[in-house]
Amino acid sequence: MGSVMYEIMQQEIRPLLAVDIIEQLHRQFALLSGGRGKDGSPIITFPEFSGFNEVTDEEFVNVVTYLTSIPSMDAASIGFIIILDRRKDKWNSAITSLSRIAGSFPGNLQLVLVLKPSRLLQRAIADVSMRLHRDDFKLKIVMLNSLSDLHGYIDKGQLTCDLGGSLEYCHSQWIHHRTAIENFALTVKSTAQMLQQFGTDLAETELPNDVLCTKDLLITHTEKHDKLKEELKLAVKQGHTLLSCIKDQASRTESHILNPDEVENQTTVERLLAQLDETENAFEQFWSRHHLKLEQCLQLRHFEQDFREVKISLDGLMEALLGLSVTVDCVARVDHLLGELKTLEDKAQESLEKAQLHAQHGDQLIQSNHYAVDSILPKCVELRRICDDFCNEAKKKHDILTKSLEIHKGIDEVNQWCESGVYLLASQAVDRCQTQEGAEAALQDIERYMKTAKEQQLSHLKDLGNQYEIILSDLVKSKAQTALKRLDDVQEMFEKRHASLKKLSTKQTRPVQPVAPRPESSPKRTSPKIPPSTAAASNRKATENSCTNKQPSDAELARRKNIRKAKGGIKIEVMHEGGQGGSSHVLINNETEESLSNRRSHIMNELIETERLYVEELQSIIEGYAAALDDPEFVYLIPPSLENKKEVLFGNLPEIYEFHRKTFLKELENSAEKPELVGICFLKRKEELQIYEKYCQNKPRSEALWRQCGDSMFFQECQKRLDHKLSLDAYLLKPVQRITKYQLMLKEMLKCSKNSEGTAELEEALATMLDIIKSVNDSMHQIAITGFEGNLNDLGKLLMQGSFNVWTDHKKGHSKVKDLARFKPMQRHLFLYHKILLFCKKREETSDGHEKSPSYSFKHSLKMSSVGITENVKGDIKKFEIWYNGREEVYIIQAPSMDVKNTWVSEIRKVLTSQLEACREASQLHQKITENIYHAPMRYMRKTALRQSDSSSPETGYRRDTGPNMRQKRGWSQRRLPSMDAEDFETIPSSAEELSISSDGEDEGHNKNGDNDRYKVQLTYESGTAQDLSVEAGELVQFLEESENGH
């Protein structure tokens, strides 16, 4: 039994088991009863079996091999004893059995005991045969005549009942025990292998790098452990059941003693149970270590995840803190920044507390002997460093801003004192100071005000500037120095005034009339503004009077040369040339050129920085979202509504990105040194900037698509990878915001670039950007037009669009309808193109609960070639008329304001003027054609007179289609069509009495003189030579001369 169990546990190839030969064992042609020889040799019995010859060699070998593998290795090494019982059989069967045993017995065979046949003849044959063939078997064979002879070799207690012994043996029970023990051994082996494999898997498992995977791994391993634990319990239970069965067999009778094989079976089961127990203990120890490591790994992943979240939050707050400017120019700005800093600190408080708690949690992990101390410790140090950096930076900025606030308050106090002081000096009446009492009163005012400077400690500003010099910005230092310089100047003015008044109060001199400069404006009262022309005229008149009446006195000359500094740093320089009759000149300069230059540089830097940020944002959209639509990794996330809709969602955003990245940003950077010339960049690229029109036109489609699929996992995953705070729709709005931002920056640049280089270009660039924005806005309205059957692209450029009240007054139609239309206005949205004027009705549409989007339902259109205008309508200055086909249709338009009306009237005039110029060019071309026709054959032309009415225009003679009319000079010159002079185009009809610019007034016939007629070609004439001219049917020609033969 021991050797079989050893093979089961150690061999990879499974040995022969009872279950494999169960049928052969049940035939009982060989038995292992458990008996032993006197020296402990195992006994194998071959009982009488009539069908022994029917047993195949393979079956015989399998059974004998299995039986010899059951005893322990020690017992098997002694050698086996075979008892061959052939008492009721023939000797031939015995000889056959001996031959099989000699030829195929696998073990060490010590002795073969043969019970000879009981019949005399067969016994005699056996004796003779053995004497002749004993040496052939090469076995130690003992021939026995009876059981008593057998008992002489084997003790009765080791023999079964059929051999006259007392050994209890049940073959079926033996088979049952054998299969149970072997199954248990296999169970133990498989359980041990599973535990070993599980332990190997655990040892080879790489720990995950995120919380979710670590949780899943911990759950999976725990489930496998619990499952193996249950199987181990079942195996132990199976072993204990088998052991109890073996022990119960021995305890059934008091006299029953287990044979050696049964004892060995019991020992084997006990050994297997002990092995299971050892395996379980070893496995539990290993699992305990592994489970602890997994739990620590999960703690580590939680720690790392919390660390990343806190670090990202603190990094963002630190970035915001570093971006908080401490460069300020006024008290309000400092207060605002201090408020922002306080808000930022309040916002960061929660993150800072989380960071500290997280660092403490890391310390606890380290103290609990965590395996990843080398990873946890640096993160704890990093968290504490970030917290310290944030607090130190916040404290530093707070200190700077607080001191800046103190400085600026000091600057404001100085400036306010200086302003009030200058006003006091300027408001002291000179005539009152001529008396001693007046001089003393003024002197007291001066001394009292000078005393306030000491009370307010204005000179303390200088101490503050010196004390905070290291931390203050250059701008603050400059402002402080300017304020101190101004304080010194004003104090000097007070001291001089004080000295003058003191002299006046102590000693009266002859009455000289000094003239003090009058204050430009009072803080309490605003002086009325005088138009420049009036002021200039007054100055000239005063100068002339002063020159003609009398020469200026010494005091007057001194007054004219006096220089004063007024409030707000405004430099007032009074310069007179009275002796030469010149006029006074007052120079007021609010800001120095250096200050303006600094402002321009600041605006330029802001423009470049925001442009770089804009390009980076566009790049993130294209690479993070648009490219992901083509990435196979994201295919399963893309919603069906988004498939093949990339161009709808993003429009021409890649084109905008490439333009700004490759061209516009570089040109702006090249203009950084000369900000005043930035307008050239916009003028140079005004055509490329038109690409925003296409983007904005596509924006409604993009927004509609976003509403359908904006909440899909695809966009969430892309946003997560990009670490964007806002969703994609916010970034798709960036181009619309950017194109409107340029004009604001150009306005700011223009404010500080007056009368300097590049001002004209800046003004033109501003006008260009405003025009682009208007064009974009108009195009957004244009795409909302519905019901127009034609192609809007064929109508020319959209010039204007807007909503108006419209009345109609047509010649045709029912009178009641006309009266109703005259009093009840229609709400119409007008679109003015080069070729046509559209009348639409505005409708508000709501979709999917989102904001209303307007649409414009087409109602009517007028060709601009047949339109006239009347600028003024009685009763309302905001009204004007548009009439059609010689006032056959009249539309009274009421604009929302006079500015809107003037803009529309001006734009319509430009369109009509351009059409008239086109008519003039066509007239010149027609003149050349007529001259060529004069020399061409006329054999296929028929004369048709066309009457000339007083209201018709010259171009009716050369336009094939209806065209503009205008007032004409009566009569044609001989031999040629009249050319149109400039005065013919000076006026566009603008009153009801003038004619419409149309061809509806054309009448067939000829003029009153009848000396020059025009004709219509009835048949087509194809020229035969290069000198001839081809004409087509329907064209108009002038008849100049008829040949004598009538051709």
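Buried means under 20% relative accessible area, exposed means over 50%, and partly exposed lies in between (1.4 Å probe, protein chains only). With that in hand, welcome to a set of close-up views. This is a predicted model, in which local features need pLDDT of at least 70, side-chain atom pairs count only at pLDDT 80 or more, and totals for chains, interfaces and linings use all residues. Residues are numbered from 1 along each chain as its sequence is written, and side-chain values use heavy atoms, leaving out hydrogens and water.

**Figure 1. The whole chain at a glance.** The protein chain holds 28 helices and 17 strands; helices (H or I, at least four residues) and strands (E, at least two) are DSSP runs, numbered from the N terminus. Of its 1047 residues, 42% count as buried. The accessible surface comes to about 58200 Å², and 50% of that belongs to carbon and sulfur atoms; such areas come from the Shrake-Rupley method with a 1.4 Å probe, and for residues only the protein chains shown count as cover. Contact means heavy atoms within 4.5 Å. Among the contacts with a separation of 6 or more, 73% are between residues 24 or more positions apart.

Figure 2. A salt bridge is a side-chain nitrogen of Lys or Arg within 4 Å of a carboxyl oxygen of Asp or Glu. Here the side chains of Lys 734 and Glu 617 meet in one (3.7 Å, N to O). Lys 734 belongs to helix α25 (residues 734-751) and Glu 617 to helix α18, 117 residues apart. Is Glu 617 buried or exposed? Glu 617 has a relative accessible area of 17%, so it is buried, whereas Lys 734, at 22%, is partly exposed.

Figure 3. Arg 301 and Glu 304 are both buried.

**Figure 4. Helix α23 and its buried face.** Look along residues 713-722 for the buried members of α23: Phe 714, Phe 715, Cys 718 and Gln 719. Seen down the helix axis, these residues fall within an arc of 125°, so they line one face of α23; the arc is that of the directions from the helix axis to the C-beta atoms. Their cover includes α18 (593-626), α19 (646-650), α22 (691-709) and α24 (728-732). Also in α23, Glu 717 and Arg 721 form a salt bridge (3.5 Å, N to O), and the two are 4 residues apart, about one turn of the helix. Glu 717 counts as partly exposed, at 24% relative accessibility. Just after the helix, Asp 723 takes a positive phi of about 60°.

**Figure 5. The largest nonpolar core.** A nonpolar core is a set of buried Ala, Val, Leu, Ile, Met, Phe, Trp, Tyr and Cys residues joined through side-chain atoms within 4.5 Å. Which residues touch the most other members of the largest core? They are Phe 650, Phe 682 and Phe 714, out of 59 residues. Helix α18 gives the largest share of this core, 12 residues. Beyond its neighbours within four places in sequence, Phe 650 is in contact with residues including Ile 621, Tyr 625, Leu 728 and Leu 732.

Figure 6. Two strands pair if DSSP finds at least two bridges between them. Strand β14 (residues 879-884) pairs with β15 in the antiparallel sense over 6 bridges, with Ile 882 opposite Tyr 891. These two strands form a hairpin with 4 residues between them, and Asn 885 in the turn has a positive phi of about 55°. Strand β9 (residues 798-808) also runs antiparallel to β15, joined by 4 bridges, and Trp 807 has Ile 892 as its bridge partner.
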